[in-house]
Amino acid sequence: MNNILIISALNITEYAFKEIYDGKTSVDLAVSASNSFSDVSKKVVIVPEKMDSFPSLKGFELCNLKGDNSESLIRTLSKLSEGFDNIFYYNIDCPLIDPELFEKMYSNHKKYFCEYTFADGYPLGISVEIIKTSI
């Protein structure tokens, strides 16, 4: 499959760049989790339009969100995901993303032809949201 990983840095704070474990920040851990995701063809970080700078992340493109509302985000997600089968989406300040849980979810997403898959019953930040681009 041809999928895009989009990590949101729209509500990021300075705490995301502070060391939390073994010399790593929340951003470091969230980004490193994405390296084990299967079927990812493109990686993007969405940042607010007003953000002047953002550290370069190896393998990721940077996208400035034009506007600051849900409509702007949906339009941006739609444009970025053109030509892809699914969007893998989560926030960049989530250091506890579980790649094994993601793989189970992604397997079920494909097996059951899901349009939207999320980690029901798990706390926010443990896994990604998987969105079929056709919806």
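Predicted model: local features only at pLDDT ≥ 70, side-chain atom pairs only at ≥ 80, totals over all residues.
Residues are numbered from 1 along each chain as its sequence is written, and side-chain values use heavy atoms, with hydrogens and water left out.

The secondary structure of the protein chain comprises three helices and eight strands, where helices (H or I, at least four residues) and strands (E, at least two) are DSSP runs numbered from the N terminus. In sequence order these elements follow the pattern β-β-β-α-β-β-α-β-α-β-β. The C-alpha trace spans about 40 × 35 × 25 Å along its principal axes. The radius of gyration of the protein chain is 14 Å, which agrees with the value near 14 Å for a compact globule of 135 residues; this radius is taken over C-alpha atoms, and the globule rule is 2.2 Å times the number of residues to the power 0.38. The chain exposes about 8100 Å², of which carbon and sulfur atoms supply 50%, the accessible areas coming from the Shrake-Rupley method with a 1.4 Å probe and, for residues, only the protein chains shown counting as cover. Of the 135 residues, 43% count as buried, where buried means under 20% relative accessible area, exposed over 50% and partly exposed in between (1.4 Å probe, protein chains only). Among contacts (heavy atoms within 4.5 Å) between residues at least 6 apart in sequence, 65% join residues at least 24 apart.

Six strands form an open sheet of mixed pairing in the order β5-β4-β1-β6-β8-β7, two strands being taken as paired if DSSP finds at least two bridges between them. The edges are formed by β5 (61-65) and β7 (116-117), each of which pairs on one side only. Strands β1 and β4 are joined in the parallel sense over six bridges, and isoleucine 6 stands opposite valine 44 in β4. The pairing of β6 with β8 (residues 129-132) is antiparallel and extends over four bridges, with glutamate 129 in β8 as the bridge partner of tyrosine 89. Strands β7 and β8 likewise pair in the antiparallel sense, over two bridges, and threonine 117 has isoleucine 130 in β8 as its bridge partner.

Helix α1 lies across β1, β4 and β6 and runs at about 160° to β6; axes are lines fitted to C-alpha atoms, for helices over the stretch in contact, and angles run from 0 to 180 degrees between N-to-C directions. Seven of the nine residues of α1 are buried, so this helix is largely enclosed by the rest of the structure. The buried positions are Ser26, Val27, Leu29, Ala30, Val31, Ala33 and Ser34, and their cover includes β1, β2 (19-21), β3 (24-25), β4, β6 and α3.

The largest nonpolar core has 28 residues, and those with the most contacts inside it are Val45, Phe54, Leu57, Tyr90 and Ile92. A nonpolar core is here a set of buried Ala, Val, Leu, Ile, Met, Phe, Trp, Tyr and Cys residues joined through side-chain atoms within 4.5 Å. At least two residues of this core are supplied by each of β1 (3-8), α1 (26-34), β4 (40-48), β6 (86-91) and α3 (99-111). Apart from this core lies another, of 14 residues, among them Ile46, Leu73, Phe84 and Ile87. When residues up to four places away in sequence are not counted, tyrosine 90 touches Leu5, Ile6, Ile7, Ser8, Ala30, Val31, Ser34, Phe37, Ile97, Ser127 and Val128.

Serine 81, in the loop between α2 (70-80) and β6, is buried, with a relative accessible area of 6%. Leaving aside neighbours within four places in sequence, serine 81 is in contact with Ile4, Ile87 and Thr133. Aspartate 22, which lies in the loop between β2 and β3, has a positive phi of about 50° although it is not a glycine, and counts as exposed at 63% relative accessibility. Phenylalanine 113, in the loop between α3 and β7, also has a positive phi of about 50° without being a glycine, and is exposed, with a relative accessible area of 73%.
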